[in-house]
Amino acid sequence: MSALFEFDDLPSNQIPTSTKTILDDINESGYSSEVDAAEPTQIPLDERLYEVPLEESFISSSLSTPATKNSRKVSLDDFEILKLLGRGAYGKVMLCRHKESGILYAMKVLKKASLFVHSKNAEHTKAERQILEEVQNPFIVQLFYAFQTNDRLYLILEYATGGELFTHMASEHMFTEDVARFYLAELLLALEHLHALGIVYRDLKPENCLLDGSGHALLTDFGLSKVSIEGSRANTVCGTAEYMAPEILLEMSYDKGVDYWTFGILMYEMLTGYTPFRCGNKKKTLDAILKKKLQIPYYVSSDAKDLLIRLLRKNPNVRLGHGEDGMEKLKNHRFFRKIDWNELKSRSSSPPIQPIVTDPSLAENFDKEFTSEIIKESPIDSANLDAKMQEYFLNFSYVAQPDHLLSAFEK
Ligand SMILES: Nc1ncnc2c1ncn2[C@@H]1O[C@H](COP(=O)(O)OP(=O)(O)OP(=O)(O)O)[C@@H](O)[C@H]1O
């Protein structure tokens, strides 16, 4: 593995054929086309997939209302849909209100999906449920419920009222180093927590960095992000092209090192307003990730520059963060010397950005492109659904005005 990374400039004729195939597969949206379920996955041998059983709902034990906590089964009927908050590669995220408690949540709806937790070194002794329970951290969006229908998966998540971190960037489209440092440090605590549980996050990117109402960072997706479409587990090359780590592109086994790479890309984007390997098209971008030398603009401080160079090493074995004490070394880097990690962990540091939230149900910090959209459910494949289910989903498939829609959900 290491031999492939010994040079920073990898000539294209030395890129393995399989990688070229991936490059060829990348479509315009920046995602690779679906990988055949029959292909072997690139998941390391010691990494396990935990599947939440279809017939069971997940209800977090952290929920304070005993009635909810002990409730039999949770379903879509328990929630009132308010607004669309955003869209991801696999589905959409909507603001909803739990009817019984009145609490607002973000509902992530994924079509034809199974839920897997990527977990490395988390031994079989740990039940899936236990792992989901353990992903509780002040800088990680909490999962409160998960339930499924035949063709959809619903995740009921903590609602990040402050919206996406990057929408709070000043007009220059970059953060000052102090602001970037604060959020990078909070996000690093989130990654530290996931890594300690054996979870490789893999999906660090601006869209997943949210803010709570007081301006603290909230990482969304927390390692449940690897969703398998129609039962395929081999979607390892999905992701935003500009944030993909070289070892994922090269289809090699990977570990938490991919998170340090994406952390480096995120830091670069925060400080400069663009990602380091971005090129005219997706194919060239992926090529640049493997071959192009890192270039850092003159205005980036020497500490930040040093950290970026160490994080964006193409060889994961020499990347900062590698090894047992990797996280500690990263936290002790000079760029973070102003950070009091204990104070940060206790959330007593005051965030540099205070989102304006007059009424959380208005989703003011989210893009109007989404929040003004009339919510509709796209037609579903009803082939495998029983009669009751079909009736249920037929009710969803008509396009209603918002007022009508709410009453439709309350039926
Ligand atoms: N917990 C949340 N609270 C508020 N908004 C959220 C929450 N989670 C996601 N969003 C919003 O919804 C958008 C889409 O989220 P989603 O997780 O589906 O996107 P993604 O990360 O791009 O998708 P993917 O699952 O493909 O990685 C986000 O960019 C964000 O604006």
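By contact I mean heavy atoms within 4.5 Å of each other, and with that in hand I can start with the overall organisation of the chain, which, please keep in mind, is a predicted model. Among contacts between residues at least 6 apart in sequence, 73% join residues that are at least 24 apart. The protein chain has 13 helices and twelve strands, and of its 411 residues, 52% are buried. As for the surface, the chain exposes about 18,500 Å², of which carbon and sulfur atoms supply 50%.

The largest nonpolar core has 68 residues, and the members that touch the most others are Met270 and Phe336. Helix α4, residues 177–196, is the element that gives the most to this core, namely twelve residues. Because domain 1 (76–161 + 357–410) and domain 2 (165–345) both give residues to this core, it lies between them.

If we take Phe336 and leave aside its neighbours within four places in sequence, its contacts are Arg181, Leu184, Ala185, Leu188, Phe263, Leu307, Leu330, Lys331 and Trp341. Apart from this core lies another, of 18 residues, which include Phe144, Tyr145, Tyr154 and Phe370.

In general, an α-helix has 3.6 residues a turn, so residues three or four places apart point the same way.

Technical notes: Residues numbered from 1 in each chain as written. Predicted model: local features only at pLDDT ≥ 70, side-chain atom pairs only at ≥ 80, totals over all residues. Heavy atoms only, no water. Core = buried A, V, L, I, M, F, W, Y, C linked by side-chain atoms within 4.5 Å. Buried < 20%, exposed > 50% of the residue type's maximum accessible area, 1.4 Å probe, protein only. Helix = DSSP H or I, 4+ residues; strand = E, 2+ residues; numbered from the N terminus. Domains from an automatic or database assignment. Areas by Shrake-Rupley, 256 points an atom, 1.4 Å probe, with all protein chains shown as cover.
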